[in-house]
Amino acid sequence: MKTVAELQAVREAAISEVALRTGDAALAAKSKYKRNVLVCGGTGCTSSHSQDIIDTLNAEIAKHGMTDEIKVVRTGCFGLCALGPIMIVYPEGCFYSMIKAENIPEIVEEHFVKGNIVTKYLYKETVLEDGSIKKYNETDFYKKQIRVALRNCGVINPEDINEYIARDGYQALAKCLTSMQPKEVTQTILESGLRGRGGGGFPTGRKWSFIADGPQKYVVCNADEGDPGAFMDRSVLEGDPHCIVEAMTICGYAVGASQGYVYVRAEYPIAVTRLQIAIDEARANGMLGKNILGSGFDFDMEIRLGAGAFVCGEETALMTSIEGNRGEPRPRPPFPAVKGLFACPTVENNVETFANVPQIILRGAEWFASMGTEKSKGTKVFALGGKIKHTGHVEIAMGTTLREIIEEIGGGIPNGKKFKAAQTGGPSGGCIPARLMDTAVDYDNLTAIGCMMGSGGLIVMDEDNCMVDMAKFFLEFTVDESCGKCTPCRVGTKRLLEMLDKITRGNGTLEDLDKLEALCNYIKANSLCGLGQTAPNPVLATLKFFRDEYVSHVVDKKCPAGVCKHLLTFTIDKDKCIGCGKCAKNCPADTIVKTDYIAPGHKLPSLKILPEKCLKCGACISGCKFGAISKQ
Amino acid sequence: MQKKISSNPFRGTPEQEAKLKEIIAANKHDKSRLMGVMQEAQGVYGYLPIEVQNMIAEGMEVPLEKVFGVATFYAQFSLSPKGDCNISVCLGTACYVKGSGDIYDELQAELGIGGDECTPDGKFSLTACRCIGACGLAPVLTVNEEVYGRLTKDDVPTILAKYGK
């Protein structure tokens, strides 16, 4: 495609091929396919063998001679990973969940050949009492979502540029190159109110406008999604890689850069493969390279793989790593906009930030600014994980309350447990306790309660999670990942971890809690980069909202959630124990002995645990069928 | 975190060396590709012993000290060989809150090795990894490329048995 006219011709030809999925029946009639079967090819579903499902589908469809009628598409992530592998069938829009390859022959035969939807394999929320079917996008999980960054995830085949073009792909780039000045592009992004989705929340348009003059400038996409439990960026790269290619090219045009780099974690092999395919396809089709769409503008990009260092998500460390060095951050100023990658002016944005750009250009700054809250515009993608029914990713308007996200969209806490807290922002963030569940989630509200938006990981914790243990877990992470360059972070986080360890072992004092807080504030104020400056956040937030749990650990020497094993005592209820001896067999330390008490109705004497010898391993509890053993 | 450096003797083959030279030749023009070369080298040898680091340093014309510095900085680079079955347990937050720590402990007990170690027969090695992004299946572990999800401690012997333990 060398001109805009050629791009439009490709779009015209391709648009009917995706019309079934967008619900445009008139257009869909032009396609030879009467049915589209979409199978999730994201990391979650691939891990549960969605490729076998695709292979079986193709074989079965061929067996019935329907290859010309049914199109099987491997898409990116649908979002509801808890129910994977997922298969969505159009035109009905019905949602098959937790599908196995051996179910496929039956579905092909019954549904595709005979036209009877096999309701027993559908996601149960989509089957109504009268046997009719709800479309997947009308379920609780999907109906409140607004998909901007994820608009193509689970809709198109990410390895086919034509499907992307059919969904208005590369139209925004064409608009920029043919009818907008570079400054207008930056101005549009500025007016939209888009803020950095990696966690910092810096206005993207301002970042673009700061870039210094120079003969060589760079655009960098930060896809080093390192927060544990966060997988928003991966979903975008796996499901819609072309939108990142398009957005980076637009950014290159706006700031005058001709080269881009995407820094992706090597732990995301599917994302890397699809992004490489997208870059190659874009180049082959004239969307990257010299003289893009006949405009005279040149831009190209390449992928650089990370190698497992959390600090490389920090923008200066990331640039140092792209240059082939140990990924240590550098002091600012000079800021990357003046002296960034290879000492040239550089704009760096996160994947989700870029994913919003083409839509803002196409639909206008006002459209984007109409969503969200006063200072946080648009939508945000969250990865729901931990103790929540619908693990997966969701995209919601800024300002949605935590309660809506967790209880309505996320389906609440499994096993009837009580919600305790939600951790946002991973190891750099804080936790939101149950009493603040009605907080409208946006950048400023979360900062105001001493938390942070972070990149979008949202880990839900229930009453069985100990908050001191969680803080310790995150500190173990940051101690491991501190690059070692500056002392406050390298030594300070280690000391923090030691203090937390002391507390979880029951050796802490009330004075330690004050020391903990003082050291946290010192590390925040004096560390070189974002990693150190935010590392104490999980401790500060848990201290603020769950100080009583810390106090229980240091004063009562108890762990209320029953997690910190040094503080637990295991006891056998003498009336429930039938004296079978299973626990004594399981015990690695021979601490369980007979008593001389026989409970009414039992034949054998009950057992007891000798506390001084107990290792607190819990092997006895898992062996007891009578629920006679408890830990406190 | 300090990396464990293997004392096992280096057993590189001429074929592996030829492959490494090819990789270096393709990337030599751009020194910023050092990490990429090391990643591919690890793909060829399975790990990065000092002999391989030396070849990379000479080939890319960078000091060995820099190669060693990069190798020890990033978690992905291993200075110890991996077993035929490399078991990697996710200790990301989502898996951790669902009990992957217990699974990791159980594996250490069953295999008789610690984290980042390889059994003496070269059959199993064990590592803890950061979030692999399959949080919907938490807790998860991977054996080579195969992912096992929704696990409990009791699944450990069954999984090990599948790989001939």
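**Exercise 1. Find which residues I360(A) is in contact with, leaving aside its neighbours within four places in sequence.**

Step 1. Leaving those neighbours aside, the partners of I360(A) are T188(A), I189(A), S192(A), L194(A), A365(A) and F368(A). Two residues are in contact if their C-beta atoms, placed from the backbone, lie within 7 Å.

Step 2. Helices (H or I, at least four residues) and strands (E, at least two) are DSSP runs, numbered from the N terminus.

Step 3. I360(A) counts as buried because it has 28 C-beta neighbours inside 10 Å. The cut-offs are these: a residue is buried if 20 or more other C-beta atoms lie within 10 Å of its own, exposed if 12 or fewer, and partly exposed in between, with C-beta atoms placed from the backbone.

Step 4. Finally, look along the chain to V148(A), 212 residues apart from I360(A), where the two C-alpha atoms are separated by 9.4 Å.

A note before you go on: this is a predicted model, in which local features need pLDDT of at least 70 and side-chain atom pairs count only at pLDDT 80 or more, while totals for chains, interfaces and linings use all residues. Residues are numbered from 1 along each chain as its sequence is written, and chains are lettered from A and ligands numbered from 1 in the order in which they are written.

**Exercise 2. Describe chain A as a whole: its helices and strands, and its span along the principal axes.**

Step 1. Chain A contains 27 helices and 17 strands.

Step 2. Its radius of gyration is 27 Å, close to the 26 Å from the globule rule for 632 residues, so chain A is as compact as a globular protein of that length. That radius is taken over C-alpha atoms, and the rule is 2.2 Å times the number of residues to the power 0.38.

Step 3. The C-alpha trace of chain A spans about 90 × 65 × 40 Å along its principal axes.

Step 4. Of its 632 residues, 54% count as buried.

Step 5. The domain assignment divides chain A into domain 1 (33-141), domain 2 (161-369), domain 3 (379-462), domain 4 (467-556) and domain 5 (569-631). Such bounds come from an automatic or database domain assignment. The centres of domain 4 and domain 5 of chain A, taken over C-alpha atoms, are 37 Å apart.

**Exercise 3. Check the span of helix α14 (residues 269-284) of chain A, then list its buried residues.**

Step 1. The expected span is 1.5 Å times one less than the number of residues.

Step 2. Buried in α14(A) are A271(A), V272(A), R274(A), L275(A), A278(A), I279(A) and A282(A).

Step 3. Among the elements of chain A that cover them are α8 (161-166), α12 (232-239), α13, β6 (259-264) and β7 (300-305).

Step 4. Just after α14(A) comes G286(A), with a positive phi of about 80°.

**Exercise 4. Name the residues that touch the most other members of the largest nonpolar core.**

Step 1. They are I244(A), I250(A) and V140(B), in a core of 229 residues. A nonpolar core is a set of buried Ala, Val, Leu, Ile, Met, Phe, Trp, Tyr and Cys residues joined through C-beta atoms within 7 Å.

Step 2. Helix α13 (residues 241-255) of chain A gives the most to this core, with 10 residues.

Step 3. Not counting residues up to four places away in sequence, the partners of I244(A) include L275(A), V351(A) and F354(A).

Step 4. Apart from this core lies another, of 12 residues, F570(A) and C587(A) among them.

**Exercise 5. Describe chain B and its contact with chain A.**

Step 1. Chain B has 7 helices and 5 strands, and 40% of its 165 residues are buried.

Step 2. Its assigned domains are domain 1 (14-73) and domain 2 (85-162), with centres 29 Å apart over C-alpha atoms.

Step 3. The contact between the chains takes 31 residues from chain B and 36 residues from chain A. On the chain B side, α2 (34-45), α4 (64-73) and α5 (93-97) each supply at least two residues.

Step 4. The residues on that side of chain B comprise 18 nonpolar, 10 polar and 3 charged. Here Ala, Val, Leu, Ile, Met, Phe, Trp, Tyr, Cys and Pro count as nonpolar, Asp, Glu, Lys and Arg as charged, and the others, Gly among them, as polar.

Step 5. Within α4(B), the buried residues are V67(B), V70(B), A71(B) and F73(B), and their cover includes α2 and α3 (50-60) of chain B.
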